[in-house]
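Please read it with the sequence and the coordinates open.

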Amino acid sequence: MSASDQEEADIRTIHLLRGAIITAYSQVEFLLADLYFRARYLQEYNHLPKKLPYKLETKLKRLKSIADLPGPIEQFRQELHAAVDGILQFEKIRHFMAHGMLIDRKEETGEHQISFRGYVEINGEPVMEILNGDLRDLNNSLNIIETYTMKFVLLAHKIIEHCKLPQVG
């Protein structure tokens, strides 16, 4: 394999890792909404608003409130609160993976130094943030979020099955 072929393969790996991180996060984000909308079909939760808020923090508060209400989901309160709070640790990397500009430079050692640049709003002003790393960092991030995602998927299915949450639509 030539140097340019290896470089192309490394770039492809970076893109695949980026996509896998976004996919894992998306699985959890979908299940958060799915649990909420399924719960609304039960009498104990049908008074909840029909829509989820757009902002993640507000959305998560709403989802956690389901477990605080009397009803079949309250027995999963501790697990659901911990799982919902857990997604916040991935918000920054999700933002960079989904919206950041990828800049890849190859060091003299042959290692890729990866930067994601993206804008965030701080005190009403746009500020550029930079997330630096390498292939190992992306792999580690993926391993962590995949482990979290698998645990969340199992918890969501346990709640859906145990509480007999109906399919929506």
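**Pocket, sheet and helix packing**

1. The residues lining the largest pocket divide into 5 nonpolar, 2 polar and 8 charged. Here Ala, Val, Leu, Ile, Met, Phe, Trp, Tyr, Cys and Pro count as nonpolar, Asp, Glu, Lys and Arg as charged, and the others, Gly among them, as polar. The model is predicted: local features need pLDDT of at least 70, side-chain atom pairs count only at pLDDT 80 or more, and totals for chains, interfaces and linings use all residues. Residues are numbered from 1 along each chain as its sequence is written, and side-chain values use heavy atoms, with hydrogens and water left out.

2. The largest pocket holds about 520 Å³ of space. A pocket is an open set of points on a 1 Å grid over the protein atoms alone, where a 1.4 Å probe fits, with protein on both sides within 12 Å along at least five of seven lines; lining residues have an atom within 4 Å of a point. Grid points are joined across faces, edges and corners, and the volume is the space filled by probe spheres set on the points.

3. Of the 15 lining residues, Tyr 54, Leu 56, Glu 91, Arg 94 and His 95 lie nearest the centre of the largest pocket. Helix 1 (3-39), helix 2 (56-68) and helix 4 (91-99) each supply at least two residues of this lining. Helix 4 gives the most, with 6 residues. Helices (H or I, at least four residues) and strands (E, at least two) are DSSP runs, numbered from the N terminus.

4. An open sheet is formed by 3 strands in the order 1-2-3, with antiparallel pairing. Strand 1 (101-106) and strand 3 (125-133) are at the edges, each with a single partner strand, so one side of each has no neighbour in the sheet. The twist averages 25° from one strand to the next. Two strands pair if DSSP finds at least two bridges between them.

5. Strand 1 pairs with strand 2 (residues 112-122) over 6 bridges. Leu 102 has Phe 116 as its bridge partner in strand 2, and Ile 103 has Ser 115. The hairpin of these strands has 5 residues between them, and Gly 110 takes a positive phi near 95°.

6. Strand 2 and strand 3 pair over 9 bridges, with Ile 122 opposite Glu 125. Their hairpin has 2 residues between the strands, and Asn 123 in the turn has a positive phi of about 50°.

7. Helix 4 lies across strand 1, strand 2 and strand 3, at about 105° to strand 2. Helix 5 (residues 135-162) lies across strand 2 and strand 3, at about 60° to strand 2. Axes are lines fitted to C-alpha atoms, for helices over the stretch in contact (heavy atoms within 4.5 Å), and angles run from 0 to 180 degrees between N-to-C directions.
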